[in-house]
Amino acid sequence: ERGLSAGDGYSLVWTAAMIRRVGALSMCFLATGLGFFGLSYSAGQLSANIYTSSALLSAIDIIGYAAALLSDSLGRKTLQSLCFGVAACCLVLCSIVGSGGWRVLAFALVGRLCLGICFT
């Protein structure tokens, strides 16, 4: 049986710093996915008309994907960190405000915009 040496790449991949980075990336991806698709599943509770909510969420997705093009000029890490923070605040406010009003729909749309930027 062959032992692992420094030339195998094993020691480069499985360092403590790399494991922390992979863990943080996994947690961010899980949080983004849950927030993004959670808003899709709760479209019926965002406003009185589920079709209006779905159309607005779809439109904001297109805007979010286009806004992600700004990431090169603003810096990817800065933009993604900012969008994660804004999305978190908006989704917390969605749970505080309650369902069915224009405020919850506005917070949901801003949160979805930021999550779309984070996904892209």
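Helices (H or I, at least four residues) and strands (E, at least two) are DSSP runs, numbered from the N terminus. This is a predicted model, in which local features need pLDDT of at least 70, side-chain atom pairs count only at pLDDT 80 or more, and totals for chains, interfaces and linings use all residues. Residues are numbered from 1 along each chain as its sequence is written, and side-chain values use heavy atoms, with hydrogens and water left out.

Start with the overall fold. The protein has seven helices and zero strands. Along the sequence, the pattern reads α-α-α-α-α-α-α. The radius of gyration, taken over C-alpha atoms, is 19 Å. Along the principal axes, the C-alpha atoms fill a box of roughly 65 × 30 × 20 Å.

Next, the surface. Accessible areas come from the Shrake-Rupley method with a 1.4 Å probe; for residues, only the protein chains shown count as cover. The accessible surface of the protein is about 8100 Å², and carbon and sulfur atoms hold 69% of that surface. Of the 120 residues, 27% are buried. Here buried means under 20% relative accessible area, exposed means over 50%, and partly exposed is in between (1.4 Å probe, protein chains only).

Charge is counted by side chain. Lys and Arg count as positive and Asp and Glu as negative, while His and the chain ends are not counted. The place of a charge is NZ of Lys, CZ of Arg, CG of Asp or CD of Glu. The protein has 7 positive and 4 negative side chains. The centres of the two sets lie 12 Å apart.

Now the contacts, meaning heavy atoms within 4.5 Å. Take the contacts between residues at least 6 apart in sequence: 69% of them join residues at least 24 apart.

Helix H2 (residues 16-41) holds Thr 32. Thr 32 has a relative accessible area of 3%, so this residue is buried. Setting aside neighbours within four places in sequence, Thr 32 is in contact with Phe 84, Leu 115, Cys 118 and Phe 119. Phe 29 is also placed in helix H2. At 58% relative accessibility, Phe 29 counts as exposed. Phe 29 and Gly 85 are 56 residues apart along the chain, and their C-alpha atoms are separated by 14 Å.

Follow the contact from Thr 32 to Phe 84. Phe 84 belongs to helix H6 (residues 76-97). With a relative accessible area of 24%, Phe 84 is partly exposed. Phe 84 touches Cys 28, Thr 32 and Cys 118, residues up to four places away in sequence not counted. Ile 117 lies 33 residues from Phe 84 in sequence, yet the C-alpha to C-alpha distance is 9.1 Å.

Helix H6 also carries Ser 95. Ser 95 is exposed, at 58% relative accessible area. Gly 98 counts as partly exposed, at 28% relative accessibility. Between the C-alpha atoms of Gly 98 and Gln 45 there are 9.2 Å, although the two are 53 residues apart along the chain.

Ser 53 lies in helix H4 (residues 50-67). The relative accessible area of Ser 53 is 0%, so Ser 53 is buried. Ser 53 touches Ala 43, Leu 46, Ser 47 and Leu 105, not counting residues up to four places away in sequence.

Finish with the cysteines. A disulfide is a covalent bond between the sulfur atoms of two cysteines. The rule used is a pair of cysteine sulfur atoms within 2.5 Å. By this rule the protein has zero disulfides. For Cys 90, the nearest cysteine sulfur is that of Cys 114, 6.1 Å away. Cys 90 is buried, with 8% relative accessible area. For Cys 118, the nearest cysteine sulfur is that of Cys 83, at 5.0 Å. Cys 118 counts as buried at 8% relative accessibility.

Methods: Rg over C-alpha atoms; globule rule 2.2 N^0.38 Å.
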